[in-house]
Amino acid sequence: MWWNNAAVTHVLVALFGMGSWIAVNSFWVELPVVVNTLPEEWNLPAYLSVLIAFGNVGPLAVTITHHFAPGCLNERVLIHAIQVLAVVASAFLALFWSEVATVAGEPRSVAFLLLSVVLSTVCCTSNVTFLPFMFRYPPQYIRTFFVGQGLSALFPCIVALGQGVGKVECVETENGTQPHYLKENFPAQDFFWFLFVMLAISSLSFLALTYTFSTSTEAEVRQVPEQETEKYQGPEAHPLQNEESPVSEEQVEVEKMNPDVSFWTLCNIYLLMLLGISTALTNGVLPSVQSFSCLPYGTMAFHLSVVLGNLANPLACFVAMAVLLRSSVGLSFMSLGGGLFAVYLLSLAALSPCPPLLGTHTGVALVVISWIIFTGLFSYVKVVVSTLLHEAGHTALLWCGVFIQAGSLIGALSIFPLVSVYQVFQRAQDCVNTCS
């Protein structure tokens with residue numbers, strides 16, 4: 001049937017993956033708009049960072065349940081539950097995001113903060129539920145899943161650009177050049193309704209996946225001998241082809257009840273550490289200082305870095321579909337290359353508002369290209385490592401999600417004091433040259 005076609009499944013998997021982190025990504029890109037309305041103003045990013053950290057209660061609970069009661073957690077039911085919760089929370093966010101209440105004598109955006117906790121918990125929990133669910137599919141679908149996860153950052157950026165977030169004009173006045181901030185093309189409420197639609201599409205895609213999964217595995221049971229249960233253990237012969245069928249639910253339960261103890265090899269531990277370090281940099285450390293590294297070169301450099309950097313993520317996943325680097329040495333060199341670009345970008349942020357090559361096209365080109373290569377290299381490493389861990393079984397994918405989430409959390413918490421408490425990084429002022 002047409003709905004069991006491989007191309008349809010790839011599209012559904014990508015849309016399913018898109019819903020994993022789109023809520024948190026949307027919070028960050030819409031901050032310049034909501035801070036003009038909410039009473040916390042520019043203290044809101046600090047609040048948001050802490051609340052997103054609280055979201056790790058979800059993956060912690062799932063991981064503990066898998067460890068002490070293997071096989072008792074129904075992943076499909078849990079995914080449906082958190083997706084419904086996300087859709088409902090995003091609808092309430094669109095309706096009540098600007099509501100303010102008085103707490104301890106101070107006005108607070110209680111609705112926005114509470115709903116951000118709910119949506120952050122959903123996003124954090126997706127790493128330890130969505131990825132293990134993908135064990136049911138052949139390894140090439142892992143790459144498609146990460147394409148969708150890359151789109152969860154790209155789509156909000158594109159919509160925010162269309163909204164006109166952060167547009168500024170330098171106007172000559174009697175007191176010198178002053179920044180004039182342009183009004184957005186549509187309000188934050190419309191942006192949050194966009195988030196609601198995206199989460200609804202992701203939920204419906206997963207619902208369609210579960211239907212196609214059940215029909216395809218039923219057909220497989222009728223056609224394939226029972227002894228073919230180790231279908232995905234080992235390298236892929238044809239990464240771009242879809243000759244394999246999904247694993248049956250019975251096989252998944254057997255895998256969850258009897259995890260392979262040989263998973264904890266030096267190679268797999270090294271891959272997990274590589275994954276944790278890469279996500280700490282891409283999800284935690286560097287995004288926190290992106291504005292410091294780019295804004296001295298102008299708002300155009302900042303927007304190009306954000307959009308093209310987020311575009312490099314899904315493109316790296318497409319490259320991984322065609323060329324899968326299985327060498328640990330090769331992955332180490334790619335990570336080292338990405339690390340060098342990370343050091344360069346951190347150096348630019350530390351030197352803000354007067355980084356080198358300021359006011360030149362070379363400086364703009366270097367910072368934009370650095371963000372593209374940094375994001376692309378580490379995105380490729382993340383996808384390849386996840387694909388290799390897929391071959392190690394369901395438990396490996398669970399720990400893959402745990403290390404992605406742990407790396408993101410450690411990266412965010414490590415950079416937070418430097419940015420928000422000690423203010424090591426200095427933001428460039430719009431339309432003001434402080435370096436001449």
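Mentor: Let's start at Phe92, which sits in helix α5. Helices here are DSSP runs of H or I with at least four residues, strands are runs of E with at least two, and both are numbered from the N terminus. Bear in mind that this is a predicted model, where local features need pLDDT of at least 70, side-chain atom pairs count only at pLDDT 80 or more, and totals for chains, interfaces and linings use all residues. Residues are numbered from 1 along each chain as its sequence is written, and side-chain values use heavy atoms, with hydrogens and water left out.

Phe92 is partly exposed, at 43% relative accessible area. In these terms, buried is under 20%, exposed is over 50%, and partly exposed is in between, using a 1.4 Å probe and protein chains only. Val88 is on helix α5 too, and with a relative accessible area of 41% it also counts as partly exposed.

Phe92 and Val88 both belong to a nonpolar surface patch of about 530 Å², together with Val84, Leu95, Phe96 and Trp193. To join a patch, a residue needs over 30% relative accessible area and no salt bridge; nonpolar side chains (Val, Leu, Ile, Met, Phe, Trp, Tyr) are then linked within 5 Å, and like charges within 9 Å. The areas come from the Shrake-Rupley method with a 1.4 Å probe, and for residues only the protein chains shown count as cover. Helix α5, spanning residues 75-96, is the top contributor to this patch, with 5 residues.

Now go to Glu75, also in helix α5. Glu75 makes a salt bridge with Arg136, with their closest N and O atoms 3.0 Å apart. Arg136 is in the loop between α7 (130-133) and α8 (140-163), so this pair ties together parts that are 61 residues apart in sequence. A salt bridge here means a side-chain nitrogen of Lys or Arg within 4 Å of a carboxyl oxygen of Asp or Glu. Glu75 is buried, at 1% relative accessible area, and Arg136 is buried as well, at 1%.

By that rule there are 2 salt bridges. In the other one, Arg326 meets Glu391 at 2.8 Å, N to O. Arg326 is in the loop between α13 (299-322) and α14, while Glu391 is in the loop between α15 and α16, so this pair links parts 65 residues apart in sequence. Arg326 is partly exposed, with a relative accessible area of 33%, whereas Glu391 counts as buried at 12%.

Rolling a probe the size of a water molecule over the atoms shows where empty space is left. Searching the whole structure turns up 1 cavity of 30 Å³ or more, and the largest cavity holds about 40 Å³. For the search, a 1 Å grid is laid over the protein atoms alone: a cavity is a set of points where a 1.4 Å probe fits but cannot get out, a pocket is an open set with protein on both sides within 12 Å along at least five of seven lines, and lining residues have an atom within 4 Å of a point. Points are joined across faces, edges and corners, and the volume is the space filled by probe spheres set on them.

The largest cavity is lined by Gly19, Gln83, Ala86, Val122, Phe130, Leu199, Ser202 and Ser203. Two elements give two or more residues to that lining, α5 and α9 (188-223), and α9 gives the most, with 3 residues. By class, the lining has 4 nonpolar, 4 polar and no charged residues. Ala, Val, Leu, Ile, Met, Phe, Trp, Tyr, Cys and Pro count as nonpolar, Asp, Glu, Lys and Arg as charged, and the others, Gly among them, as polar.

Most residues other than glycine have a negative phi, and most peptide bonds are trans. Ala104 has a positive phi near 55 degrees; Ala104 lies in the loop between β1 (101-103) and β2 (106-108) and is exposed, at 79% relative accessible area. Gln423, not a glycine either, has a phi of about 50 degrees. The Ser352 to Pro353 peptide bond is cis, with omega near 10 degrees, and Pro353 is in the loop between α14 (328-351) and α15 (361-390).
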